[in-house]
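Q: I have just opened this entry and would like a guided tour. Could we go through it step by step?
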Amino acid sequence: MWVQFSIVNTRAKKEQEGGEEKKQVQKKKVKELKVLDSKTSQNLSIFLGSFRIPYDEIKNAILEVNEKVLTESMVQNLIKQLPAPEQLTILGEMKDEYDDLAEAEQFGVVMSNVKRLMPRLQAILFKLQFEEQLNNIKPDVVSVTAACEEVRQSEAFSQLLQIILLVGNYMNSGSRNGNAFGFTISYLCKLRDTKSADQKQTLLHFLADVCQQQYPDVMTFPDELIHVEKASRVSAETLQKNLEQMGRQIKNLEKDLETFPPPQSDKDLFVGSSHEQYEKLDLMHKNMEKQYNDLGEYFVFDPRKVSIEELFGDLNNFKNMFQQAVKENQKRKESEEKIRRAKLAKEKAEKEKEEKLKRSQLLDINAEGDETGIMDGLLEALQSGAAFRRKRGPRQADSIVSLSQLVLETCLPTTGELVMQ
């Protein structure tokens with residue numbers, strides 16, 4: 001029985017080894033390449049294994065421009081790993097040998113059925129990246145467009161420019177720069193360079209003070225230029241580069257749309273979808289260009305020579321400097337008011353001290369005058385003999401009282417009655 005079990009076990013082991021050998025042979029047979037080189041096949045196999053999507057589903061997703069299946073990474077890898085058009089053409093003629101081909105070559109057979117595959121993939125990649133590119137460019141385009149409208153429509157800013165022109169013409173009266181009709185926007189940032197004789201105040205501080213006192217409506221112009229700060233951070237070179245790149249992609253897309261074959265099935269929705277995205281981008285681009293050109297015409301500057309970054313950079317710097325000048329004026333006035341109050345308080349204290357000293361001196365003089373009057377009256381009474389003309393009483397005490405009373409009556413006639421005990 002043990003021998004019989006060993007024989008059965010040995011047969012099973014041999015059958016298992018034989019099965020593994022057959023699998024290896026089949027595996028080796030599948031990996032045999034007829035068109036693609038080993039490196040291309042390996043890279044394409046790695047790509048297909050990472051997504052694990054049926055080949056027909058990938059083909060239909062390309063025809064439908066199905067963004068749920070086609071991700072940006074997937075399309076980029078397809079463009080990078082896809083066999084050359086000549087190889088795809090050869091693989092397309094090997095449909096009858098499909099089962100004998102390697103996985104990468106089987107994928108090539110399926111993809112060979114899609115007309116103009118590479119232009120499709122490039123256009124789909126542009127569509128998939130369009131939202132990201134739009135999100136990178138759109139805020140800049142929107143900020144510049146809004147800033148152009150704000151600068152042109154701001155009445156407070158327009159009035160401020162008139163005041164600056166008036167002050168400039170007054171200061172330059174009699175010179176060749178007098179009676180000017182306007183000035184460049186960059187001059188606004190130079191207002192801080194002109195200082196007063198005592199070097200304590202600039203022309204910008206003076207203008208801010210004048211506007212705050214006489215033209216309060218002008219003080220709201222920073223609130224009307226909300227998007228100027230964002231527009232000042234827009235790099236004209238980067239924006240132009242991105243727009244030119246998108247423009248080239250759009251032109252290529254238009255060219256592909258003109259030469260594209262008719263739809264192969266009802267699922268081929270590529271043409272309408274991509275053209276709709278193109279129209280949106282083109283509309284935004286043209287609107288931004290129009291707004292900036294209109295602003296150049298309004299402020300009389302050449303949009304081709306003055307970049308977006310330069311224009312709104314100057315406006316943003318001036319806005320910040322003007323607001324800083326207002327704050328500095330306020331601090332200066334508060335400091336001057338504090339000094340004025342301290343001076344008034346000091347003067348008041350000195351005046352009170354002086355008045356107190358005068359009252360004290362007057363009291364001393366009055367007290368000295370009273371004592372002098374008593375003595376003068378007593379001496380006068382003694383010299384005239386009035387003090388001895390009284391009758392002597394029988395008692396000495398009475399005579400002393402009479403003498404004292406006489407002195408008091410002579411010297412203090414207005415003091416009233418004096419009671420002595």
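Q: Then where does Asp223 sit?
A: Asp223 belongs to helix H10, which covers residues 221-224.

Q: Is Asp223 buried or exposed?
A: Asp223 is exposed, because its relative accessible area is 58% and exposed means over 50%.

Q: What is the C-alpha separation between Asp223 and Ser154?
A: The two C-alpha atoms are 9.6 Å apart, while Asp223 and Ser154 are 69 residues apart along the chain.

Q: Let us step back. How many helices and strands does the protein chain have?
A: The protein chain has 15 helices and 0 strands.

Q: And what share of the residues is buried?
A: Of the 421 residues in the protein chain, 32% count as buried. The chain exposes about 29200 Å², and carbon and sulfur atoms supply 51% of that area.

Q: What share of the contacts comes from residues 24 or more positions apart?
A: Such pairs make up 76% of the contacts in the protein chain that have a separation of 6 or more.

Q: Take Phe312. What does it touch?
A: Leaving aside residues up to four places away in sequence, Phe312 touches Val144, Ala147, Cys148, Val151, Val228, Ala231, Ser232, Tyr292 and Leu295.

Q: A change of topic: where is Thr202?
A: Thr202 lies in the loop between H8 and H9. Thr202 counts as buried because its relative accessibility is 10%, and buried means under 20%.

Q: What does Thr202 touch?
A: Not counting residues up to four places away in sequence, Thr202 touches Leu191, Arg192, Thr194 and Lys195.

Q: How many salt bridges does the structure hold?
A: The structure holds 8 salt bridges. One of them links the side chains of Asp294 and Lys290, at 3.0 Å from N to O. Both residues lie in helix H13, 4 residues apart, about one turn of the helix.

Q: And what about Glu337?
A: Glu337 forms a salt bridge with Arg340, and their closest N and O atoms are 2.6 Å apart. These two residues are separated by about one helical turn because they are 3 residues apart in helix H14. Glu337 counts as partly exposed, at 27% relative accessibility, and Arg340 is partly exposed too, with a relative accessible area of 42%.

Q: Which residues are linked with them in a network?
A: The network of salt bridges links Glu337, Arg340 and Arg341.

Q: How exposed are the partners in the bridge between Asp302 and Arg304?
A: Asp302 is partly exposed, with a relative accessible area of 23%, whereas Arg304 is exposed at 77%. In this salt bridge, the closest N and O atoms are 3.3 Å apart.

Q: Last topic: what is the mean pLDDT of the chain?
A: The mean pLDDT is 77, and 74% of the residues reach 70 or more.

Q: Where does the pLDDT stay under 50?
A: One such stretch is residues 396-401, for which the model has 0 contacts beyond four places in sequence. Residues 410-421 also have a pLDDT below 50, and that stretch has 9 contacts in the model beyond near neighbours in sequence. Where pLDDT is low, the predicted coordinates should not be read in detail.

Definitions and conventions: Residues numbered from 1 in each chain as written. Predicted model: local features only at pLDDT ≥ 70, side-chain atom pairs only at ≥ 80, totals over all residues. Heavy atoms only, no water. Buried < 20%, exposed > 50% of the residue type's maximum accessible area, 1.4 Å probe, protein only. Contact = heavy atoms within 4.5 Å. pLDDT = per-residue confidence, 0-100. Areas by Shrake-Rupley, 256 points an atom, 1.4 Å probe, with all protein chains shown as cover. Salt bridge = Lys/Arg side-chain N within 4 Å of Asp/Glu carboxyl O.
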